[in-house]
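Dear colleague,

Please find below the structure that I am handing over to you. My findings are set out after it, and I would be grateful if you could read them alongside the coordinates.

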Amino acid sequence: MESSDLFSPPAPIPSAQAATEIEALRTQLNAWSHSYYVLDAPTVPDAEYDRVFKALQALEAAHPELLTADSPTQRVGGKPLPEFASVRHAVPMLSIRTETDTEPTGAQNFDARIRKELGLLESDPPVEYVAEPKFDGLAMSLRYEMGVLVQAATRGDGEYGEDVTQNIRTLRQIPLRLHGGAPPVLEVRGEVYMRLADFDALNERQRENGDKTFVNPRNAAAGAVRQLDPGIAARRPLSFFAYGLGEVTPPEQGGPVFDTHYALLQTLKKWGFPVAAQVEIAQGATELIAYHQKIGAARDGLPYDIDGVVYKLNALALQRQLGFVSREPRWAVAHKYPAQEQLTSITAIDVQVGRTGKLTPVARLAPIFVGGVTVTNATLHNLFELRRKRVRVGDTAIVRRAGDVIPEVVGIIDKPRARYVPNFRMPRACPICGSKVVREKTEMNHRCSGGLFCPAQRKEAILHFAHRRAVEVEGLGDKLVEQLVDTGVIRTLPDLYKLGFTALSALDRMADKSAQNILDALEKSKNTTLPRFLFGLGIRHVGEATAKALARHFGKLDAVMDATPEQLLEVADVGPIVALAIRTFFDQPHNREVVEQLRACGIHWEEGEPAQQAPKPLAGQTFVLTGTFPTLSRDQAKDLLEAAGAKVAGSVSKKTSYVVAGEEAGSKLDKAQALGITVLDEAGMLALLQPVDAATD
Ligand code: 5U1
């Protein structure tokens with residue numbers, strides 16, 4: 001668009017020309033929408049789509065006589081309805097028979113029945129089926145007349161459904177106008193569902209607005225479809241998969257002819273509908289079993305919930321031959337997976353302390369088989385989630401277990417409680433170590449402040465203390481720490497320094513030489529620095545940079561431990577949350593005791609004087625390091641830069657001030673050059689640091 005177009009209204013154009021332009025814009029927008037929403041392959045930037053959309057809106061506003069219901073501008077509109085009208089389905093919406101055996105071999109039952117009903121002999125070849133995922137949403141019938149969507153209806157009782165056209169028009173995956181040559185009448189049947197990412201985002205928005213959240217994507221989808229206000233429905237992100245037909249113009253009146261269900265699905269795609277990518281042709285029971293297993297294994301990675309797979313006879317002539325029994329076709333079956341949600345009662349609510357000190361309320365449950373295993377505990381995440389879901393002991397909970405994810409209580413069944421049950425409260429003291437339980441204002445989670453002392457946090461605390469950038473105990477990895485803690489050899493952090501050769505070499509897969517190496521590494525780690533020690537304590541929010549700042553500012557550990565919040569706030573980088581975390585940590589007598597014991601074990605460092613704030617010549621500059629430097633390790637270079645006030649980032653962007661490149665520098669160097677960022681070698685970097693004292697580490 002020329003810039004002058006922005007200021008002068010478009011000159012009116014004759015109606016015939018407008019009609020041609022409007023048609024061209026609609027076709028273009030429909031094609032882009034189809035690529036984006038159905039094919040998952042965007043072809044234009046959003047801004048370009050918006051520009052053309054606005055151009056179409058402007059033309060339609062200038063020519064209201066040319067406005068039609070199938071225009072992409074007309075997806076959202078209409079007033080809230082008092083209720084949904086009832087619609088009679090021209091062809092009943094059938095339900096589907098369920099195979100009760102959830103094992104993959106359950107597919108044999110269906111195949112055996114089909115073979116029997118078709119009168120096949122054992123020696124006859126395998127029957128051809130189509131296998132599809134069974135989406136966990138709600139069935140929908142879409143009616144097109146002369147290629148234009150005129151009605152969307154729910155299944156209802158199969159004969160009568162509800163007219164939800166206003167809401168369904170808002171689904172971008174559903175064409176308002178069929179692509180290509182379409183029959184005069186076409187009813188497409190399929191499932192409206194909500195993708196998991198859309199469900200999570202919707203619930204996040206609901207939470208932010210203080211609105212009720214949905215227990216699962218199916219409920220959210222059903223709520224959206226049955227929303228009387230189409231404006232609200234439009235904000236609920238729904239998707240659609242097509243899997244069959246209802247009424248269609250018969251072939252003798254120009255309707256389509258298909259021989260197989262598979263061919264029908266391919267045509268649905270051509271008409272503009274999304275069809276699941278996992279649809280496959282399967283020969284006989286063996287391939288159905290393999291399909292059930294394959295989709296079962298992929299189930300947890302799919303971007304939407306499925307509750308099983310569907311098998312259908314592929315040949316439509318055979319489908320017609322078998323027909324129906326009590327509203328269920330004989331030629332199809334739903335083969336379910338074990339349910340991922342079940343109801344059970346909550347017998348108690350306990351608190352678990354995680355390895356990082358997080359306190360999680362956990363519902364103890366009457367044992368329930370869900371997601372393929374028996375579950376007796378389910379997470380309630382945190383106090384706020386628990387309150388939001390109004391969970392109390394004795395309630396009937398909806399428990400969800402999907403894949404390897406920890407089972408969770410997604411909601412409770414709303415019904416009056418028979419007796420008063422007190423609300424759950426977070427304990428004030430850690431149920432494991434008795435340390436104070438704290439929660440920062442901006443945080444949802446309660447935490448134990450017992451850090452070094454709390455047995456629940458022991459492994460994590462030891463690993464962190466021994467980390468390469470803390471006091472560094474070479475060779476002390478997670479497997480070894482796990483063994484040391486699980487066998488009771490180490491109970492507290494200082495026990496690490498009381499380890500003897502005998503205890504170490506008695507551990508699994510621990511050769512004498514390795515045991516000695518660990519002892520040597522422990523000895524070496526005793527000679528450390530104050531920043532490393534402070535960082536190693538694992539105080540919440542005290543990362544390396546803050547530990548260095550604290551060490552520089554106070555000089556001595558005792559001064560840090562006794563600093564008031566006000567004094568802590570004087571340190572560069574320390575804000576109220578960090579100051580509170582440091583204070584809370586050192587206010588726990590247990591933590592101070594551990595520090596004393598570590599000092600008593602011989603851990604030492606050179607203490608300094610409280611620093612006058614050192615000059616920060618590189619404050620505000622961001623560096624990226626790449627390649628191998630001639631004299632400095634990457635860590636040393638990082639320390640030097642940070643001491644001079646610079647930030648060291650992991651990737652190059654427009655915000656990067658300098659890239660320091662050594663030998664075999666990788667793509668970061670290329671990117672720096674492409675963006676015109678100054679590239680230094682090690683010497684160049686050291687030159688920038690000249691006015692600064694050596695690193696504090
Ligand atoms: N994928 C798929 N889901 N689904 C559900 N196909 C399919 N077919 C159905 C139903 C109820 O019914 C037809 C077999 C009539």
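The notes below go through the findings by region.

Please bear in mind that this is a predicted model.

The open sheet and its helices

I begin with a sheet of four strands, which is open and has the order β5-β4-β7-β8, with antiparallel pairing. Its edges are formed by β5 (148-154) and β8 (239-248), each of which pairs on one side only. On average, and with direction ignored, neighbouring strands of this sheet are turned by 30 degrees against each other.

Within the sheet, β4 (residues 138-145) and β7 (residues 185-193) run antiparallel and are joined by eight bridges.

Arg387 and the segments around it

Is Arg387 buried, partly exposed or exposed? With a relative accessible area of 35%, Arg387 is partly exposed, because that value falls between the 20% limit for buried and the 50% limit for exposed. Leaving aside neighbours within four places in sequence, Arg387 is in contact with Asn423, Phe424 and Arg425. For Phe424 there is a polar approach as well: its backbone oxygen lies 2.6 Å from a polar atom of the Arg387 side chain. By contrast, Gln673 is 286 residues from Arg387 along the chain, and the C-alpha atoms of the two are separated by 53 Å.

Most residues other than glycine have a negative phi. His381, which is not a glycine, has a positive phi of about 70 degrees. His381 lies in the loop between β16 (373-379) and α11, and is partly exposed, with a relative accessible area of 28%. Arg390 is likewise not a glycine and has a positive phi, in this case of about 55 degrees. The place of Arg390 is the loop between α11 and β17, and Arg390 is exposed, at a relative accessible area of 61%.

Strand β17 (residues 396-400) pairs with β18 in the antiparallel sense, over four bridges. In this pairing, Val399 has Val409 of β18 as its bridge partner. Strand β18 (residues 408-412) is mostly covered, with four of its five residues buried.

Glu544

Helix α17 (residues 544-554) contains Glu544. Glu544 counts as buried because its relative accessible area is 17%, which is under the 20% limit. Not counting residues up to four places away in sequence, Glu544 touches Arg469, Phe535 and Lys638.

The largest cavity holds about 100 Å³ of space. Its lining is made up of 13 residues, and those nearest its centre are Asn30, His34, Arg75, Pro175 and His179.

Yours sincerely

Conventions
Residues are numbered from 1 along each chain as its sequence is written. This is a predicted model: local features need pLDDT of at least 70, side-chain atom pairs count only at pLDDT 80 or more; totals for chains, interfaces and linings use all residues. Side-chain values use heavy atoms; hydrogens and water are left out. Two strands pair if DSSP finds at least two bridges between them. Helices (H or I, at least four residues) and strands (E, at least two) are DSSP runs, numbered from the N terminus. Axes are lines fitted to C-alpha atoms, for helices over the stretch in contact, and angles run from 0 to 180 degrees between N-to-C directions. Buried means under 20% relative accessible area, exposed over 50%, partly exposed in between (1.4 Å probe, protein chains only). Contact means heavy atoms within 4.5 Å. A polar contact is a pair of N or O atoms within 3.5 Å; within protein, one must be able to donate a hydrogen and the other to accept it, and residues adjacent in sequence count only if both atoms are side-chain atoms. On a 1 Å grid over the protein atoms alone, a cavity is a set of points where a 1.4 Å probe fits but cannot get out, and a pocket is an open set with protein on both sides within 12 Å along at least five of seven lines; lining residues have an atom within 4 Å of a point. Grid points are joined across faces, edges and corners, and a volume is the space filled by probe spheres set on the points.
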